[in-house]
Structures are given as structure tokens and as C-alpha cells.
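Student: I would like to go through some terms used for this structure. Please set each value against its cut-off.

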Amino acid sequence: MKKKVSMAMAFSVGSVLFSSHAGGGFATGNQANTYYVGLGWIGPVAAIVAMLLLTLTMREAMIMYNSRNIKSTRQLFETLFHPLDKLEIVFEIFFYIMVLMAIAAAISGAASALQTYMGMNYYVGILVVGIIVMMLTIFGADLVRKASTYMGIGILVTAIAIYAIGIFNAPDSIGNVFSADFSEAGFTNVPKAIENAFVYAGFQCVTLPTLIACGKPLTNRKGCAASMWISFVMNAMALVLSVFMLMSWESFYTAAEGGTTIPTLTSCVAMGVPFLTVAYSICLILCLISTGVTITFGFVSRFENAAIYKKIASVPTRNAISSVFIIGLSMFISLAGLTNIIKYGYGYCGYVGALAVVIPFLTIGVYKNRKYMKANGEEFAETETK
């Protein structure tokens, strides 16, 4: 008997990946500026490749997780690397380091936005954002999935409007920028573009635990694939538009003091369109909170049934303790600054993520999943095997 997966559910799961990527990925503009704008005309192509690598990786991870009824991320990577099961520790190390930096960047960025647009004290802003993130993560996957769906829709619509207006009101024509970049650099940045695409997809894999937890209702291969193709379109569209806009404004925000920290904000203020600035600030805060929520939930869900909590019967209480711990530690790390976290922390973790997650799932994972589907069919049975 075939198990149907509704498009609403596929969109909901796809929105989880989109909303977690949105905050640092394109809302602030910091990641887009660091990894794509400097590449010139090949930058937008690299962004599309990165999103393709990321969504295909997540698709294979969800198929492997759901088809075999796996219960944890550790079991997932043991299944992937079997018979070299112990290699899963590489992902464990990558995940914990990346979680700290991702949440730190999200909280720091959102608090800065609240300070800029609402006059809220920075430290009070950190506390407010931390509480919001905690409340959205302690009540389970259903709440995260629903919150991500609504935030994802709002983020996508607002972001597209912002970037479209930004591109047409830019001091430099995107056509002229492309022509100048191509004539100056030619194809010399292609190797760096490929490297950046893998690194970017690599550190975005920190969302994998959250995605597979929220993607559990996807009961067949087509459902997993549909959710990730939806996510690919959303992510690629928003990220590429972000890169286009930033390329058009690069000469402006790089000359402004502190302009490269949140380049989209610097450019948005200079456009002189008040409603656009307000819309951007709302979008930015939503993006960063959604990123913090999805990443924190991925961490919290891994410790929900840990032995240290065996005397605590309430699951929300367990989740709250884990959430408070990771958020508190992340706030301390945020003192390093958004740009340093993304340039160095994200960058080095991106190489580990590419080697330990992206490449293995797109090679070994594809092979094992196809072999398993051929033997067991594309409808996921209640089994657990390597």
C-alpha cells in the first residue's frame, strides 16, 4: 500500500531548511559577501551549485534515515559509513563546533538588528532573542516545522521584494558589473568558486539533525525528493538575488565603516526607501531567529533521551535545560563578532562538512540508498538495518 505525502508536508519540511539557511545565508548578506560576491560573475553560479549540493545531500540523508527507521543521527552516520562505523565521530565533532557558531551568529545578528531599529540595549536584545529561540525549541519538531513554514513564506516574499528593489536602485548596473568582472577575471575564479560551493554546502549541513527530525513524516523517496527540490528553488532564488544585489552595491558598502558586517542593511539604508528598511529589519530578525531555532532544535533533539536526563520525566523540561546551556555558551562566543565567526569558524568547519557529510552522502549514500530501494521498494517500511 502506497503512503502518500502531501505537497503541504513537503513544502513544510523544505521550509525548515530554507528558514535555517536564511538568517546568515542571505538576510545579513555577510555569508553571501564572503563566499560569492568577491568571485565576480561566477559567484551566482557558485551559489546555485552550493544549494544543489546541500539539498541533494539532505535528500539522501532523509531517505536513508526514514527508509531504515533510524532513530538517531549517530545511527544514520554509522549506516552511511558501515563497516567503518566509528567514522561517525567526525560528524559529531563538526556538529557541536558548528552549532555553537551558528547560534552565536544568529543571536548576535538579531540582537544588533533590535538595537538598530528599536533602540533596544544589545544585551537585553540577546536575552529577548535567546528566550524566543528557547521557547520555539523546547516543544518539539511539530512546532519547529510549523513555525518554519510561516516564517519561510514571509521571509521569501519579503526578501525577493527587497532584492528586486535593491538591484534596480543600485549605484552600479548589474550588467556593467558582470561585464567588468568577466573581462577582468575571466575564468580564473572557477576553481575558487567550486571550492566555495562545497565549503558553503558543508557548513550548512549543521542543519541536518533538525531536518531529518522534522522530515520524519515523509514516508517515501518521492516525498523526500519533492521537499528538497522545493527547498532548492526557494534557497537558490533568494541567495542568487542576494548576490546580485550585493554585487551592485559592493562599491558602496565596502567603503562604508562597518559596512561589510551586515552589507544588506548598509545598502538598504542607502536606498532611501523607508518602508523597505522597515521590511528588511523585520525580515532580518525573522531570518536570524528562525536560524537560531532550527539549529538549537537540532542540538536539543540529540540530548532529549540522554542518560543524564533519566530522572527528568518531562520532555519540555529536558529540552529547556539543553536549550539554555547551548544558547548561553553561544552568546559568549558571539563576542568574537559576526564577520570573524563566518569567515574563520564557518570556513574551517565547511571543509570538514564537505568531506564528512556532503561528499559521502552524494557518493556512498546514493549507492546505498539505490541498492536499498531496489531491494525494498521506494515506500519506507518499518525496518532498521544497515
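Tutor: Buried means under 20% relative accessible area, exposed means over 50%, and partly exposed lies in between, with a 1.4 Å probe and protein chains only. The model is predicted, so local features need pLDDT of at least 70 and side-chain atom pairs count only at pLDDT 80 or more, while totals for chains, interfaces and linings use all residues. Residues are numbered from 1 along each chain as its sequence is written, and side-chain values use heavy atoms, leaving out hydrogens and water.

Student: Why is E88 called buried?

Tutor: E88 has a relative accessible area of 8%, and the limit for buried is under 20%, so E88 is buried.

Student: What makes R74 partly exposed?

Tutor: R74 has 45% relative accessibility, so R74 counts as partly exposed.

Student: How do you know that R74 forms a salt bridge with E88?

Tutor: A salt bridge is a side-chain nitrogen of Lys or Arg within 4 Å of a carboxyl oxygen of Asp or Glu. The closest N and O atoms of R74 and E88 are 3.5 Å apart. The pair links distant parts of the chain, with R74 in helix α4 (residues 73-81) and E88 in helix α5 (residues 88-118), 14 residues apart.

Student: Why are α3 and α11 called roughly antiparallel?

Tutor: Angles under 35 degrees count as roughly parallel, over 145 as roughly antiparallel, 65 to 115 as roughly perpendicular and the rest as oblique. Helix α3 (residues 43-67) and helix α11 (residues 221-253) pack at about 160 degrees, so α3 and α11 are roughly antiparallel.

Key:
Axes fitted to C-alpha atoms, helices over the stretch in contact; angles between N-to-C directions. Helix = DSSP H or I, 4+ residues; strand = E, 2+ residues; numbered from the N terminus.
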